[in-house]
Amino acid sequence: MGQIDDVELDVRALFGALLRALPWLLLAAVLFASALYVGLNFVTPRYSAEAKILIESGESEITRAGTGTEEVRALLDSEGVASQVQLIGSRDLATTVVDSLDLASLKEFNKPRFLPGFDQMLVRIGLGRPVPEGSVEERVLQRFADRLDVFSIDKTRVITVGFSSTNPQLAARVANAVADEYLALEREARRSTNADATRWLESQIAELRTKVTSAEAKVEAFRTEHGLFSGGQNNTSLAQQKLNDLNAELARLVAARSAAEAKADMVRKSLASGATPDVPDVRDSQLIQRLREQQVALRAQIAQLSATLLPAHPRIRELNAQLGDLDGQVRREVTRILQSLDGEAATARAREADIGQDITRAKAATGQTNNDEVELRALEREATAQRDLLESYLKRYREASSRQDGNYLPADARIISRAAVPLEPTFPKKLPITAAATVALLLLAIAVIMIRELTSGRALRRISIGAPPMVPDAVPVDGKIRWQDEATEPQPLDPPMPALARGLTAEAQDSLNSIVDHVVESKARRVLVSMAELGSTGRPLAAVALARALSRRGNRVLLIDLHADGADSKAMSAGERLPGLTDLFAGIASFAQVIFRDRRSRAHLIPHGLLEFGPDTAEGERFVSILDALDQTYDQILLDADAEMALQLAAQSGAVIVVADGSASDPRTARAYEAMKAATSAEVMVLIAEAPTVAEDAALEDAVA
């Protein structure tokens with residue numbers, strides 16, 4: 001298998017090309033800027049002037065009608081302001097301004113189209129479309145619209161009217177003329193609207209007067225026809241008043257009858273018991289009062305004479321007879337009063353019956369009157385509605401007439417800033433345009449130079465995917481390594497396999513995959529690979545296969561070759577007599593000089609080196625420090641050592657793999673396994689790597705990959 005080449009971008013070559021072209025670029029930029037600046041001096045300058053209009057209600061608090069609140073709110077919202085912007089830019093307003101300022105007489109607005117004959121020639125040969133020449137008015141209006149800029153300022157009710165022209169005085173005059181014409185147009189629109197409303201109100205008022213007169217006449221005629229006259233305290237009808245009077249009279253009679261019957265019952269009970277009734281009619285009777293007085297006098301005489309005379313005495317008996325006669329007169333008078341009370345009660349009952357009949361007739365009349373009043377109220381409502389509408393129209397008519405007669409029609413806008421004559425042109429801005437165009441030209445030239453370098457291939461260089469040496473004195477940290485741009489010395493593309501190295505069979509590869517799974521799951525950082533005993537067919541490249549398998553799992557893997565034969569180094573880095581661990585250990589090489597990348601994977605390699613190890617090197621403090629430093633960069637460090645050095649490194653390893661060149665029951669394999677178990681507490685695994693057959697020997701090199 002040969003070494004794979006690739007290409008990468010050479011940034012220094014690109015910068016070199018730019019630096020070489022820099023003087024010409026600067027010269028071209030200076031010439032272009034100078035020519036452009038001079039050319040802009042020949043361009044006719046254009047000046048812009050702006051007038052600002054504030055949209056607000058033109059009515060004062062005194063003259064503003066109470067019903068115009070919604071109209072004012074609609075005028076001042078964003079849609080209302082946008083509508084005013086469209087009105088200012090309308091064609092009618094532009095026509096008025098063009099005519100008032102006689103812009104059609106100016107060459108700036110009435111210049112004929114450039115090369116009209118050439119355009120007609122293109123149309124005749126079929127290379128263009130016919131363009132109508134148009135009238136002078138259309139051409140002037142089109143150019144006027146192109147130079148007019150009307151827009152509203154955000155979050156305000158201010159409209160800016162801008163106009164650009166080659167004449168600064170004309171620019172200011174046109175901007176002010178547009179603003180003035182807009183205000184005049186607003187006033188004329190209000191005047192026209194007010195005149196139309198006045199004429200319409202006149203016709204409506206005349207018609208409403210006739211309707212009001214007719215409606216009120218119908219009300220009075222209906223009231224007279226049905227006798228619906230009202231009066232009294234509560235403005236009630238005559239039938240209702242009569243019914244109310246009858247009800248009051250009936251209530252009075254019922255009360256009088258009840259009182260008479262009660263008095264009569266009391267008098268009757270008193271007569272039955274022989275007592276004098278205590279009722280007002282009896283107490284107030286003059287006759288009974290005199291008889292009572294006589295009775296009192298007689299009783300006094302009887303009492304006086306009883307002191308000297310006996311009860312049978314003629315005088316006593318005469319006085320008692322007179323007293324009895326007085327009692328009889330009192331009873332007769334009481335009986336007469338009782339008869340009078342009975343008569344009053346009977347009279348009241350008869351009167352009640354008569355009034356009840358009158359009430360029945362009054363109720364029927366009142367019901368009919370109420371029905372008539374319903375119709376009357378409907379007629380009155382109609383007449384009232386017509387009258388209210390007439391009064392509102394009369395009020396509006398008087399307001400409109402007073403505004404029109406007094407010529408008070410303010411516009412809903414006012415000019416807050418009139419356009420002044422501009423002192424500086426707005427186009428062309430010589431310095432900004434020159435600077436922007438020059439920068440754009442430089443960027444375009446730089447892009448052209450870079451594209452030319454890339455397409456020519458001069459900015460690309462060929463690199464090898466193999467293992468170029470790292471920058472001297474560079475230490476790998478967190479897996480990030482800085483490599484040199486080019487290898488220090490050429491290397492052969494595909495060196496032959498060493499005589500003492502051979503690949504693994506398919507069965508050994510399957511076992512190796514299981515070991516890789518176990519190493520990844522256990523997260524062992526240092527893995528020791530050792531041979532049980534070296535066979536006659538050569539040492540299997542088990543450590544190389546393990547490093548490449550772990551690298552394909554996405555791990556950062558480093559293989560340290562501790563064998564003096566250099567088989568691992570020749571298989572992975574395609575180099576001979578490379579500096580390695582022994583040189584690093586002796587201090588004559590740095591990490592960057594001894595770490596190489598595998599030609600067929602992303603695994604890294606530290607060769608054995610050019611020097612020799614001492615017998616106790618693996619147990620030295622410097623060796624341990626080197627391994628600790630490498631642990632900070634790589635996920636797994638593979639130590640490929642012989643049996644003697646493997647026993648020294650077993651205690652520092654997280655996993656041990658014994659590669660056997662025979663069956664698992666081979667005594668050599670058993671001795672190596674037991675020796676490793678005794679030297680470390682880590683897990684010890686055995687990989688059987690049998691010698692390949694002659695037919696398989698040609699494919700072993702690819703099996704290593």
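Colleague: Is Phe 163 buried or exposed?
Modeller: Buried, because its relative accessibility is 1%; buried means under 20% relative accessible area and exposed over 50%, with partly exposed in between (1.4 Å probe, protein chains only). This is a predicted model, where local features need pLDDT of at least 70, side-chain atom pairs count only at pLDDT 80 or more, and totals for chains, interfaces and linings use all residues. Residues are numbered from 1 along each chain as its sequence is written, and side-chain values use heavy atoms, with hydrogens and water left out.

Colleague: Which aromatic cluster is Phe 163 in?
Modeller: One formed by Phe 109, Phe 144 and Phe 163. Rings of Phe, Tyr and Trp (its six-membered ring) pair if their centres lie within 6.5 Å; planes under 30 degrees apart are stacked, over 60 edge-to-face, the rest tilted.

Colleague: How many aromatic pairs by that rule?
Modeller: Three. Phe 109 and Phe 163 have ring centres 6.1 Å apart and planes at 25°, so that pair is stacked. Both of these residues, Phe 109 and Phe 163, are buried. For Phe 144 and Phe 163 the centres are 5.3 Å apart and the planes at 40°, so that pair is tilted.

Colleague: What lies over the face of Phe 109?
Modeller: Arg 147, at 5.5 Å from the ring centre. The rule wants NZ of Lys or CZ of Arg within 6 Å of the ring centre and within 35 degrees of the ring normal.

Colleague: New topic: which residues are buried in H11?
Modeller: Ile 288, Leu 291, Gln 295, Leu 298 and Ile 302. Helices are DSSP runs (H or I, at least four residues), as are strands (E, at least two), numbered from the N terminus.
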